[in-house]
Amino acid sequence: MITDNLDEDGLDEKVREQIEKSARHLFGMIHARFVITSRGLMKMLDKYKRAEFGRCPRVLCNMQSLLPVGLSDIPMTKTVKLYCPRCEDIYNPKSSRHGAIDGAYFGTSFPHMLFQVHSNYLPSKNTERYVPRIFGFKVHDIANQQRWQDKAREEFEKKRLEKQQQMNSNTGVTRQLKTLENSASLIEPNTNTNDNKQ
Ligand SMILES: [Zn+2]
């Protein structure tokens, strides 16, 4: 196929399909190697300047142009993602057609290699961060504290039950029966609070 010496008419459907699949794969691997050569980097830089790979969806990145990146250099592991050099995060491609392309066809090094060579195109970092607020008050500190309180309460309750069970297991059978009754009544309010949370 590559040397144009393949007699495609003489092949049956299955073999032909397999050859085409292998050719696509070979092209992808050549592409991964090409994009990190100086000529490949130049071509990709032009595309980056025209924002052909899309723009960062993060508001504070101010429409930063994206670059494709793989999460693995081994083919058929993960699909291609889009890297934002401003927030240094990765995103799923918008179109499902792009989202189905193998990440190894770009490789894990490509965008970082591009900025190593063309460092003047590296955007300035934006230190601004979005702060969640409710009526102007920061919420995440309070929310964190509440989560911590809930966790501490649950752990305390668990320890209390364990201690009680240990104490009761040292006594007779009648006592043990009572413990079961006690622990059952202790578990009930616990499950109720869990239901309330959901
Ligand atoms: Zn970004």
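**Close-up views of the predicted model**

View 1. P68 has L82 in β2 as its bridge partner. The coordinates are those of a predicted model, in which local features require pLDDT of at least 70 and side-chain atom pairs count only at pLDDT 80 or more, whereas totals for chains, interfaces and linings use all residues. Numbering starts from 1 along each chain, following its sequence as written. L67 stands opposite Y83 in β2. β1 and β2 (residues 81-84) are joined by three bridges in the antiparallel sense; two strands are said to pair if DSSP finds at least two bridges between them. Helices (H or I, at least four residues) and strands (E, at least two) are DSSP runs numbered from the N terminus.

**View 2. The hairpin of β2 and β3.** These two strands run antiparallel and share three bridges. C84 faces D89 of β3 across the pairing. Four residues lie between the strands of the hairpin, where E88 adopts a positive phi near 55°.

**View 3. The open sheet of three strands.** The strand order is β1-β2-β3, and the pairing is antiparallel. β1 (67-69) and β3 (89-91) form the edges, each pairing on one side only. From one strand to the next, the twist averages 45°, with axes taken as lines fitted to C-alpha atoms (for helices over the stretch in contact) and angles running from 0 to 180 degrees between N-to-C directions.

**View 4. Helix α1.** This helix covers residues 13-34, 22 residues in total, and spans 31 Å from its first C-alpha to its last, close to the expected 32 Å; the expected span is 1.5 Å times one less than the number of residues. One of the 22 residues of α1 is buried, so the helix lies largely in the open. A residue counts as buried if 20 or more other C-beta atoms, placed from the backbone, lie within 10 Å of its own, as exposed if 12 or fewer do, and as partly exposed in between. Of the 198 residues of the protein, 14% are buried.

**View 5. The stretch 189-198 and model confidence.** The protein has a mean pLDDT of 86, with 83% of its residues at 70 or more; pLDDT is the predictor's confidence in each residue, from 0 to 100. Residues 189-198 have pLDDT below 50, and beyond near neighbours in sequence this stretch makes one contact in the model. A contact requires that the C-beta atoms of two residues, placed from the backbone, lie within 7 Å.
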